[in-house]
Amino acid sequence: MTGLSRRRILGSLAAGSVALAAPSIVRAGAGSARVVIVGGGFGGATAARYLKLRAPQLRVTLIEPARRFYTCPFSNLYLAGLRSWESIGHGYDGLRGAGVELVHAQAEDVDTRLRTVRLSTGQTLGWDRLVLSPGVDMRWNALEGYDEAASLLAPHAWKAGPQTQLLRRQMEAMEQGGTFVMVIPENPFRCPPGPYERAAMLAHYFSRHNPRAKILLLDAKDNFSKKGLFQQGWKALYGDMIEWVGLTDDGQVTRVDAKALEVQTAFGQVHKASVLNVIPPQKAGFIAERAGVVDASGWVPVKAESFETQRVAGIYALGDATIAAPMPKSAFVANTQAKLAAAAIVAELTGRVPPVASYANTCYSLLAPGYGISVAGVYRAEQGGIAEVPGSGGVSPANADAAFRAAEAAYGESWYAAICADIWGR
Amino acid sequence: MRAEKAGLRIFKRFLMAFSQLFVRSFIALVGMGLFLAGPARAADLSDDSASILAGNCVNCHGPSGRSLSAIPTIRGVNEEQLRVRLMAFREGRDAGVTVMTRLMKGYDADQIAALAKWFAKDRAP
């Protein structure tokens with residue numbers, strides 16, 4: 001399995017590709033290489049699909065514990081009551097149909113010398129190329145008092161699943177006129193506009209079910225994604241329901257008491273919550289640590305032109321786990337990184353010229369039904385790093401009319417349908 | 001009262017038709033301008049590289065560029081029409097556009113030509 005030499009892989013893949021003369025899709029011969037992917041989210045599942053599209057003879061194995069994947073994108077709409085829980089869940093039959101082998105297990109360890117990955121089932125899989133797309137893990141106790149046990153009382157709801165459903169139940173049970181407190185971390189963290197969209201979606205819910213409720217956002221920074229647009233929208237749609245306190249105004253929380261539902265700020269202010277939502281500092285999913293591809297920051301440095309990790313040859317990393325600034329940690333970005341990495345892996349295995357890297361992002365945020373905003377960017381590899389293409393990207397105009405906001409709300413829905421079909425559907 | 005409303009309706013329809021005509025001729029003129037400026041060189045980009053650019057588009061425009069929603073389908077659009085439209089987005093000349101202006105500024109004329117060529121053909125991603 002693991003003894004497959006590069007020459008043999010090259011031979012079998014390249015021979016097929018020349019014989020059939022398919023310029024964009026490599027038609028590999030029999031007995032070809034195996035790529036193992038850890039994580040079936042926006043990065044990993046995209047990589048699996050596009051590896052199979054580009055090189056149908058490649059053996060592609062996707063390791064993902066969940067049989068149904070619930071997306072963080074649109075989980076705020078679930079909190080608001082605008083989407084059902086099942087509407088943000090996606091199964092893996094589409095990928096199976098595309099020829100991807102699914103293994104529903106947890107990846108527990110990586111041996112970079114033997115090129116194997118060990119699973120929670122006790123099984124060990126060999127790989128010629130490994131793709132890690134593990135998302136984020138919470139840094140428990142980086143914020144004093146906030147550990148996994150505390151998250152059962154004060155949910156983070158920053159991985160879509162039981163945490164999201166717990167937060168929704170707490171919202172429903174909140175006393176009339178109560179205060180919802182959200183603790184927001186410094187950069188970098190998953191989905192930079194996410195907390196602020198969540199605030200709007202909470203306000204949408206409360207304005208109908210708990211109109212005297214307050215939403216207090218305690219933020220460890222002074223600036224955030226689409227700040228002007230969010231503040232304008234919050235005010236226009238929900239009056240004074242949402243109060244945002246930034247770093248300069250003592251918004252940084254330094255201690256959490258999940259039992260008492262209290263938080264304390266850097267300057268000693270104590271805020272009492274009716275419902276407490278703590279989004280803690282994060283790091284790359286633990287399998288990245290096990291593989292030895294993270295640096296001191298806890299995230300994975302990657303090569304800008306391929307998303308191969310800088311630390312271990314043959315291991316690629318995608319999505320939120322990577323250091324890819326100025327690209328944000330978004331689903332859209334993970335998907336475009338995965339498409340590039342899939343092409344780079346196939347090019348490498350077949351000795352072809354790798355494609356020129358291009359990445360993009362469009363993040364829609366919904367502030368109310370019919371009121372959407374966006375941020376976009378186009379990126380490329382440049383002098384060993386990633387750079388935004390000058391002049392590209394930016395946020396929706398501040399002075400846009402209602403039709404513009406309505407169009408972006410509709411496009412946000414369309415984006416979700418399209419990207420999910422691109423990855424899990426078909 | 002009723003006649004007044006009907007009159008208003010007709011006037012509105014006239015206005016709408018006029019503005020559509022205006023937009024269409026504007027796009028056509030822009031297209032001619034670009035044509036005179038010389039064709040872009042889509043051939044310079046490899047097919048693999050073009051497919052990577054196209055991968056950025058299908059996240060919204062649907063798998064292979066076939067839309068499932070309000071966002072337009074781009075698969076199978078006439079190559080030159082698509083190129084001209086994308087260039088107009090890039091130059092910010094298309095009114096009422098939300099995100100396409102911001103995105104297309106991230107691609108040069110050659111990349112845009114490659115995208116138009118890619119989506120004009122009937123094929124898988």
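1. **A hairpin in chain A.** Strand 23 and strand 24 of chain A form a hairpin, with two residues between them. A:Gln383 sits in the turn and has a positive phi of about 45°. Please keep in mind that this is a predicted model.

2. Strand 23 covers residues 371-382 and strand 24 covers residues 385-388. The two strands run antiparallel, and four bridges join them. One pair to look up is A:Ala381, whose bridge partner in strand 24 is A:Ile386. As background, strands of a sheet pair through backbone hydrogen bonds, either parallel or antiparallel.

3. **A three-stranded sheet.** Chain A also has an open sheet of three strands, in the order 6-7-8. The pairing here is antiparallel. Which strands stand at the edges? They are strand 6 (107-111) and strand 8 (124-126) of chain A. Each has a single partner strand, so one side of each lacks a neighbour in the sheet. Ignoring direction, neighbouring strands of this sheet are turned by 25° against each other on average.

4. **Inside that sheet.** Strand 6 of chain A is joined to strand 7 (residues 116-119) by four bridges. These two strands run antiparallel. A:Val110 has A:Val117 of strand 7 as its bridge partner. In general, side chains in a regular strand alternate between the two faces of the sheet.

5. **The interface in outline.** Now to the second chain. In chain A, 46 residues are in contact with 29 residues of chain B. The two chains bury about 2800 Å² between them. Of that area, 62% is on carbon and sulfur atoms.

6. B:Asp48 forms a salt bridge with A:Arg54, and their closest N and O atoms are 3.3 Å apart.

7. Several elements of chain A give two or more residues to the side that touches chain B. Among them are helix 2 (42-54), helix 9 (331-350), strand 22 (358-368) and strand 25 (394-395). Helix 10 gives the most, with 11 residues. By type, the residues on this side of chain A divide into 26 nonpolar, 14 polar and six charged.

How values were computed
Residues numbered from 1 in each chain as written. Chains lettered and ligands numbered in written order. Predicted model: local features only at pLDDT ≥ 70, side-chain atom pairs only at ≥ 80, totals over all residues. Heavy atoms only, no water. Pairing = 2+ DSSP bridges. Axes fitted to C-alpha atoms, helices over the stretch in contact; angles between N-to-C directions. Contact = heavy atoms within 4.5 Å. Buried area = accessible area lost by both parts, 1.4 Å probe. Salt bridge = Lys/Arg side-chain N within 4 Å of Asp/Glu carboxyl O. Nonpolar A, V, L, I, M, F, W, Y, C, P; charged D, E, K, R; others polar.
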